[in-house]
Each structure stands twice: as C-alpha cells, then as structure tokens.
Amino acid sequence: MHILLINSNGIEDAAFGGAKGNRRIYELLKSQGEVDVLSIQKKSDIASLRSLLQGYFPPAGRGDLIQIGKMLTAKQYDLVFFDGSYFGKLMQYVRSRGVKTICFYNNCEYDYIEVRFGAGASLKKSIYKKTVAREERAAARSADVNVALNVRDGERIRELYGVPMPEILPLSLVDVYEHRVPQKGEKKCLLFGPLAQANEEAYGWFAENVSPYLHCCTKVAGKGFEVHQRDWSSDKVEVLGYVDDIAQLYADAACVAIPLLSGGGMKIKTAEALMFGKHIFGTDEAFVGYELEYEKVGGKCNTAQEFIEKINAFLEQDTGGFYAYSRQIYEEKYSQQAVEGILASITAKVL
C-alpha cells in the first residue's frame, strides 16, 4: 500500500507531545505499507496570517494544496492519512481527486482552542476558533473514516459535526525504555513536559499548593521551563529546562505527577510514564482514554489534598523506581505493537 501522511509537526524532532504523536503515527503506518510524508509546519506569523486570509487554518495554505496536487499526480497513492483535523480544505481536495482519506483527531481542535488560548476572550482566539470549526467540519464530513484517540473526543466530534461515531485508535508510543540505575539522593516527584499553557498552569499550581507539603522534592523538567527557575525554585522544588537523558530522568524519579487541569485527547506524558514503569498520580484529565486500575498504578487526584495524601502515603512505603504493573499496561495496551492491529482494521475499512 502507498500512503501519503500529512501532518504539522514533522517526524524528526520528538522532544514534545505533538511531535511524539506524529512520530508514532508514522511508525504505525509503516507497518501498513510505504509511507511518504508531507509536513506542513509553521513558518512565521506573517505566513499564519496569510493562511487565515486564504481561509485555511494555520499553518496550511494554498501552496500546500498545490504541493499535494503535484504529489498525487506524480504517484498513485492508495490512502492519504491526515494526522490532524484542521486540514479540511486539503482533505476536500484529496477526495475530489478520488483518493481515500483518513482523518485522525489528536484533539477535538474546536474545543482545544480554549486550552491553547486560555479562557479569556480575544480577537485572535475568536478568529482561530471560527476558522478551525469550519476546517474541522469540512474534514469530518469529507474523510472516508474519522479516527479519534478516545471515546470522549469521538462523541464530541459526532455531536459537533453530525458524523457517525469515529473509530478509536488509542495513543501509543515507540518504546525507548532503557534500564538505568537511579542516582542516590533525596526522593523526587517528577513533573515532566514542555512549556505550554496547560503544563505551565498545572505545574505552577502543583509547585505552590502541593510541593511544600510532600515528603520529597518536586522536580520540574521540560523544554522551556527554565523560565520559571527563579520564581518556582525552593528547597522543595527543583526546576530544570530541556533534559537530554529522559531515561535517567525517569529512573531517578520515585513517582510521576500529572496534575493537568485542562486539555484534550490523551496525554502522551501518561503513556511515557507507563513506558518507563513509574507510579503515576494524576487528575481525571491525565487519565482520559486510559484503561487501567488507577489506584494500582498510583492514584487519581483532583485536589491538592488528594495529591499530598496519596503521594506521601506512597513514599512511606519506601517503594518507587521501576514498577512492573505500569510497564505491563504500556506493553499490552499503549505500545506500537498493541495498536498496530487496530490501525490495520481501520485501514481495511477504507480500502
């Protein structure tokens, strides 16, 4: 099978969630056939404005439609897989060329605008929300098959755009686990992820309301978080920026906290913590779409008091390090091998 994958993050830089998700889709599709990639990435603010004026959701534009046309002429593709639901006009064009399409929803993008821009009103937010609604509706109604990460997103897409319930392809990650010996020292609760509004909001809240009362140090790590080294650091909170050796970072953590207060889709940091065999303490949002025993993997916590009590009780057991149950859940449900068969059944419905 010849597949054209269209995404907006590329497949090389996997330092943050979006790129990790794009990489896993690319690897999954390679199990189905030969894959070419067209990555439509942001170029500049001026280019984004041009996209909006042309009626596209950034970073897509008229030039990308022309490029797709050239690729479809040069090669006979069996399937065009759109890794993102904001490519409505491009998907309509591909369908007009008689090529089968799959639209994959990393989030319900219409709702995710609230996470991306925050709860306040602004002209930019209003423009982006109207544009993504139009593009996502066009994508939903043009695709041969719509695919969501979880039931929550699938039901929302069906509600918004009047399409059948999308297929569900749960999140998975390429296995990069490496056994490492934990460094000696004070126990640490890890908050890990790149600087983005949802992470910044959650980690700042945790550092202020939870960290002072834990029987361990909180380590905040991720690309961009060095901006908070001065205002968050204390004898109870260590703030790092980009970390190159993720395997050692996880090995040194007694547990992982994912205190997300908002978001969409499924959280890559949850699957990553499972992959590295960690105990996880997270909010409802952190566990959306995951099928596991919450108290067995760590615990659900939606208030500061719940985080404090459950993490401290865990620390008193003097456990930590590698946890076999978390790793088992990853291997059985959220590894690439675990979801390859699901994707194969979805593509079979298209072709």
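These legends describe close-up views of a predicted model.

**View 1. The largest nonpolar core.**
The largest nonpolar core holds 78 residues. Phe-81, Leu-169, Phe-206, Leu-274 and Ile-311 touch the most other members. Helix H13, residues 304–316, supplies the largest share of this core, with six residues. A second, separate core has 33 residues. Leu-65, Ile-68, Met-91 and Val-132 are among its members.

**View 2. The surroundings of Leu-169.**
Leu-169 belongs to the largest nonpolar core. Which residues does Leu-169 touch, not counting residues up to four places away in sequence? Its partners include Arg-24, Ile-25 and Leu-28. Phe-104 is another partner, as are Val-147, Ala-148 and Leu-149. Val-339, Ile-342, Leu-343 and Ile-346 complete the list.

**View 3. Helix H4 against helix H6.**
Helix H4 spans residues 88–96, and helix H6 spans residues 123–142. Their axes come within 7 Å and cross at roughly 30°. Angles under 35 degrees count as roughly parallel, so H4 is roughly parallel to H6. The crossing is left-handed. H4 contributes Gly-88, Lys-89, Met-91, Gln-92 and Arg-95 to the contact. H6 contributes Arg-134, Glu-135, Ala-138, Ala-139, Arg-141 and Ser-142. By class, the contact has three nonpolar, three polar and five charged residues.

**View 4. Helix H5 against helix H6.**
Helix H5 covers residues 109–117. The axes of H5 and H6 come within 9 Å and cross at roughly 160°. Is H5 roughly parallel or roughly antiparallel to H6? Angles over 145 degrees count as roughly antiparallel, so H5 is roughly antiparallel to H6. The crossing is right-handed. From H5 come Glu-109, Tyr-110, Ile-113, Glu-114, Arg-116 and Phe-117. From H6 come Lys-124, Lys-125, Tyr-128, Lys-129, Val-132, Ala-133 and Glu-136. This contact has six nonpolar, no polar and seven charged residues.

**View 5. Helix H14 beside helix H15.**
Helix H14 runs over residues 324–334, and helix H15 over residues 336–350. The two pack at an angle of about 20°, with their axes 5 Å apart. That angle makes H14 roughly parallel to H15. Glu-331, Glu-332, Lys-333 and Tyr-334 of H14 make the contact with Gln-336, Ala-338 and Val-339 of H15. Three of these residues are nonpolar, one is polar and three are charged. Val-339 also touches Leu-169.

Leu-52 lies in helix H2. Is Leu-52 buried or exposed? Buried means under 20% relative accessible area, so Leu-52, at 18%, counts as buried. Leaving out residues up to four places away in sequence, Leu-52 touches Pro-58, Ile-127, Tyr-128 and Thr-131. Pro-58 is joined to Pro-59 by a cis peptide bond, with omega about 15°. Pro-59 is found in the loop between helix H2 (45–53) and helix H3 (62–74). The C-alpha atoms of Leu-52 and Thr-303 are separated by 40 Å. Along the chain, these two are 251 residues apart.

**View 6. The lysine at position 267.**
Lys-267 sits in the loop between strand S10 (255–258) and helix H11 (268–275). Its relative accessible area is 8%, so Lys-267 is buried. Neighbours within four places in sequence are left aside here. Lys-267 is then in contact with Arg-152, Leu-171, Leu-260, Glu-285, Ala-286 and Tyr-290.

Key. Residues are numbered from 1 along each chain as its sequence is written. This is a predicted model: local features need pLDDT of at least 70, side-chain atom pairs count only at pLDDT 80 or more; totals for chains, interfaces and linings use all residues. Side-chain values use heavy atoms; hydrogens and water are left out. A nonpolar core is a set of buried Ala, Val, Leu, Ile, Met, Phe, Trp, Tyr and Cys residues joined through side-chain atoms within 4.5 Å. Buried means under 20% relative accessible area, exposed over 50%, partly exposed in between (1.4 Å probe, protein chains only). Helices (H or I, at least four residues) and strands (E, at least two) are DSSP runs, numbered from the N terminus. Contact means heavy atoms within 4.5 Å. Axes are lines fitted to C-alpha atoms, for helices over the stretch in contact, and angles run from 0 to 180 degrees between N-to-C directions. Angles under 35 degrees count as roughly parallel, over 145 as roughly antiparallel, 65 to 115 as roughly perpendicular and the rest as oblique. A crossing is left-handed if the near helix is turned anticlockwise from the far one by less than a right angle, and right-handed if clockwise. Ala, Val, Leu, Ile, Met, Phe, Trp, Tyr, Cys and Pro count as nonpolar, Asp, Glu, Lys and Arg as charged, and the others, Gly among them, as polar.
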